[in-house]
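Subject: Structure handover

Hello,

I am passing on the structure below for you to look at. My notes come after it.

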Amino acid sequence: MTASSTFNTNFKQYLETTQIKGETIPAGLQELLLAVADTCSTLSHEVAQGALIGLLGSAGTGNVQGEVQQKLDVIANDLLIEGVQGCQSLAGLASEEMELPLPVQGTGDYLLLFDPLDGSSNIDVNVSIGTIFSVLHKQDPAAPLQTTDFLLSGRHQAAAGYVVYGPQTTMALTLGDGVVMFTLNKVSGEFVLIKHAVEIAHSTKEFSINMSNMRHWAEPVRRYVDECLAGVSGERDKDFNMRWIASMVADVHRVLSRGGIFMYPWDQREPHKPGKLRLMYEANPMSFLVEQAGGASTNGDQLIMDLIPTELHERVSVMLGSKEEIERLQHYHSQDS
Ligand code: AHG
Ligand code: MN
Ligand code: MN
Ligand code: MN
């Protein structure tokens with residue numbers, strides 16, 4: 001094995017030296033992103049210990065989403081709060097695991113939202129999991145924190161990213177000028193730049209969906225997947241492959257790494273909910289990354305980044321990835337309405 005001398009920019013150096021649309025990254029945003037990355041580095045270490053430090057299994061509690069919390073959902077949430085609450089630039093944070101936002105500093109410019117641990121069902125089976133985060137500008141830094149401060153469309157994100165804890169621990173990040181990736185050097189504890197200008201090819205032959213929900217899907221989704229399954233003998237001119245990891249963070253990482261599309265669409269199991277995934281902690285940050293990599297992200301009717309949230313824990317139907325396939329899905333939805 002040879003160490004590569006081409007990978008010599010760590011995350012701190014990247015933040016200090018990079019210009020986004022001709023501007024240096026604000027010091028407050030650098031401080032916040034470094035705190036998130038440091039916490040995820042710690043979390044990566046804990047995740048790798050698993051049973052050795054009693055990390056697996058259920059916490060025996062429930063969250064605001066109506067889900068049973070795993071121990072790691074709670075540990076990751078607590079670690080992130082502890083890791084960022086000293087940031088002077090942070091006004092408040094909101095998490096999938098907490099009913100209400102948490103005020104942090106009185107006058108910070110930024111709001112942080114996160115899914116502390118994505119892929120809870122994969123923790124105990126040693127399959128990739130991750131952390132997803134989104135940073136918004138607080139519109140009025142001087143005013144006391146309110147839940148409504150967070151209810152901004154994805155277009156207002158100053159930064160978004162995820163850290164996937166897999167065979168490697170890798171972070172993807174966008175600041176609105178493309179997508180970059182870093183891998184954690186587990187010896188030094190630093191994230192090291194591995195990829196610039198990540199791009200999702202416009203066409204693909206790979207889709208990702210939980211097929212066990214097929215009988216519950218809406219007609220446009222059923223039509224799309226039926227055509228993928230029919231391969232060259234059907235409407236499409238290609239044979240498709242399918243992957244489903246059941247951790248959005250790992251499925252989206254695959255889409256950013258080699259293309260494809262990921263879907264968790266609305267289905268009839270819960271007809272009155274708009275979908276399963278969370279707009280603020282999952283769909284918006286992933287949509288920002290995917291758009292910045294040249295892909296697209298929709299709920300079928302609208303681009304996810306254009307949705308104006310009305311609730312902090314709002315759910316949404318998600319279809320994202322290679323542009324041609326997302327356009328096809330949007331077309332099928334428009335024909336159905
Ligand atoms: P979380 O662990 O944060 O609650 O999110 C789990 C989500 C998402 O990561 C994944 O794509 C989906 O749930 C998996 O759902 P299925 O159990 O239907 O496969
Ligand atoms: Mn959850
Ligand atoms: Mn999640
Ligand atoms: Mn989660």
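The notes cover the sheet, a pair of helices and the ligand shell.

This is a predicted model, in which local features need pLDDT of at least 70 and side-chain atom pairs count only at pLDDT 80 or more, while totals for chains, interfaces and linings use all residues. Residues are numbered from 1 along each chain as its sequence is written, and chains are lettered from A and ligands numbered from 1 in the order in which they are written.

The sheet

Helices (H or I, at least four residues) and strands (E, at least two) are DSSP runs, numbered from the N terminus. Two strands pair if DSSP finds at least two bridges between them. An open sheet of 8 strands, with mixed pairing, is ordered E6-E5-E7-E8-E9-E10-E11-E12. Its edges are strand E6 (102-103) and strand E12 (190-195); each has a single partner strand, so one side of each is left without a neighbour in the sheet.

Strand E5 (residues 90-95) pairs with E6 in the antiparallel sense over 2 bridges, and leucine 93 has leucine 102 in E6 as its bridge partner.

Strand E7 (residues 110-118) and E8 run antiparallel and are joined by 7 bridges. Here glycine 130 in E8 is opposite aspartate 118. E8 also pairs with strand E9 (residues 157-165), again in the antiparallel sense, over 8 bridges; serine 134 has alanine 160 in E9 as its bridge partner. Of the 9 residues of strand E8 (residues 129-137), 8 are buried (20 or more other C-beta atoms within 10 Å of the residue's own, with C-beta atoms placed from the backbone).

The helices

Helix H2 (residues 27-49) packs against helix H3 (residues 71-84) at an angle of about 145°, with the axes 9 Å apart. Axes are lines fitted to C-alpha atoms, for helices over the stretch in contact, and angles run from 0 to 180 degrees between N-to-C directions. Residues of H2 including Leu32, Val36 and Leu43 meet residues of H3, among them Ile75, Leu79 and Val84 (contact: C-beta atoms, placed from the backbone, within 7 Å). H3 also lies across E5, E6, E7 and E8, at about 155° to E7.

The ligand

Which residues are around ligand 1? They are Glu67, Glu96, Asp115, Asp118, Gly119, Ser120, Ser121, Asn210, Ala246, Ser247, Met248 and Tyr264 (near: C-beta atom, placed from the backbone, within 6 Å).

Regards

Note on methods
Buried ≥ 20, exposed ≤ 12 C-beta atoms within 10 Å, placed from the backbone. Contact = placed C-beta atoms within 7 Å.
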